[in-house]
Amino acid sequence: MTKEELIQGIASGDSRTLSKAITLAESTLAEKRDLALEVIAHFGPQDDTYRIGITGTPGAGKSTFIEAIGIKLLQDPTRKIAVLSIDPSSGKTHGSILGDKTRMNKLSAHERAYIRPTSSGSQLGGLAKNTRLAMLLCEAAGYNTILIESVGVGQGETEVAQLTDLFTLVLNPGGGDELQGIKRGIMEMADIIVINKADGDAERQANLTAKEYSMALHLMPTSTPFSIGSNSGWIPKVITASAITNKGIDVFWEKAFDFEKTVSQNSWKETHRKEQMHYWARKSVQDLLLSKLDHYEKAIVKGLEEGKLPEEIAKEIVE
Ligand SMILES: Nc1nc2c(ncn2[C@@H]2O[C@H](COP(=O)(O)OP(=O)(O)OP(=O)(O)O)[C@@H](O)[C@H]2O)c(=O)[nH]1
Ligand SMILES: [Mg+2]
């Protein structure tokens, strides 16, 4: 496909063209990736979208929860939802794709929804980076609500916060043990904590767990090393929900829109997105520099043979 064909297809909201463009963006071949970047640049930033991260331990019910909140939101005819999942395992095996599609049956069949797992390709730490490009392409294609699913246990997983406006943490009923599996920092980043699977016998436990987390949150500083730049002015909320019985799904959206209202009024959303762009720009520079490191191998070996200090060699190469 040519650049013009890609642009035209995406502008008309064609999901097959969108899929092709995302595949190009994930490519490790520079010319393919560059083509995708040109397409993204053509559309420019889409400021009016809502980007929501859904993170939580494996099996917490993230995909099922996304299906429930997605179907609910699509009752509003102006909404178009793209679901992107960052799965560290999907790069190799694509094992989660089938699982996610079956967990999101109704959503994947809906004409105003688009579901896609992101592949890491061969790039180290390329997951969130590729997800970001996929997100921008989805926004260009008219998807105004982006839901990003990530596990929150692997390396670099906290990076999902550099993609989204609202950060949601999905946990299960049961005490603090649960948190041992995920990075502590993730809890401090959460804007909404959802205790999912609050149904049947587990409902009582879920309410207790919600209270515990609520109290734990109160003890946390509002600004942490993980909160990026300025403060959103939002006080994190803990809710209970069931993705199966739909309990708490309305409450989730109520809070999510309260959040959006708060951060739009105090212009945090705008500032936050600018800070995120700065993060990605730095990261891109860093990645490019690192990819060039191999070129300097000869100079490094030569410098060492000449008895130079590593610090001297570095200065000579870089400056
Ligand atoms: N009882 C109950 N079960 C749920 C609920 N939500 C999800 N489940 C079940 O929990 C299991 C895992 O659900 P998923 O939605 O795949 O969880 P996930 O967090 O996306 O899992 P991974 O992506 O593999 O980390 C499935 O068997 C779901 O049916 C819920 O609200 N209540
Ligand atoms: Mg899942």
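Start by selecting ligand 1: α4 contributes the most to its shell, with three residues. Helices here (H or I, at least four residues) and strands (E, at least two) are DSSP runs, numbered from the N terminus. You are looking at a predicted model, where local features need pLDDT of at least 70, side-chain atom pairs count only at pLDDT 80 or more, and totals for chains, interfaces and linings use all residues. Residues are numbered from 1 along each chain as its sequence is written, with chains lettered from A and ligands numbered from 1 in the order in which they are written.

Now show the shell. Ligand 1 is surrounded by 16 residues, the closest being Pro-58, Gly-61, Lys-62, Ser-63 and Thr-64; a residue is near if its C-beta atom, placed from the backbone, lies within 6 Å.

Next, select α4 (residues 62-73) and α11 (residues 249-265), which pack at about 70° with their axes 10 Å apart. Axes are lines fitted to C-alpha atoms, for helices over the stretch in contact, and angles run from 0 to 180 degrees between N-to-C directions. The two helices are therefore roughly perpendicular (65 to 115 degrees).

Finally, move to β3 (residues 113-118), where six of six residues are buried, meaning 20 or more other C-beta atoms, placed from the backbone, lie within 10 Å of their own. Ala-113, Ile-115 and Pro-117 point one way, and Tyr-114, Arg-116 and Thr-118 the other. Highlight Val-83, whose bridge partner in β3 is Ile-115.

Note on methods: Parallel < 35°, antiparallel > 145°, perpendicular 65-115°, else oblique. Buried ≥ 20, exposed ≤ 12 C-beta atoms within 10 Å, placed from the backbone. Pairing = 2+ DSSP bridges.
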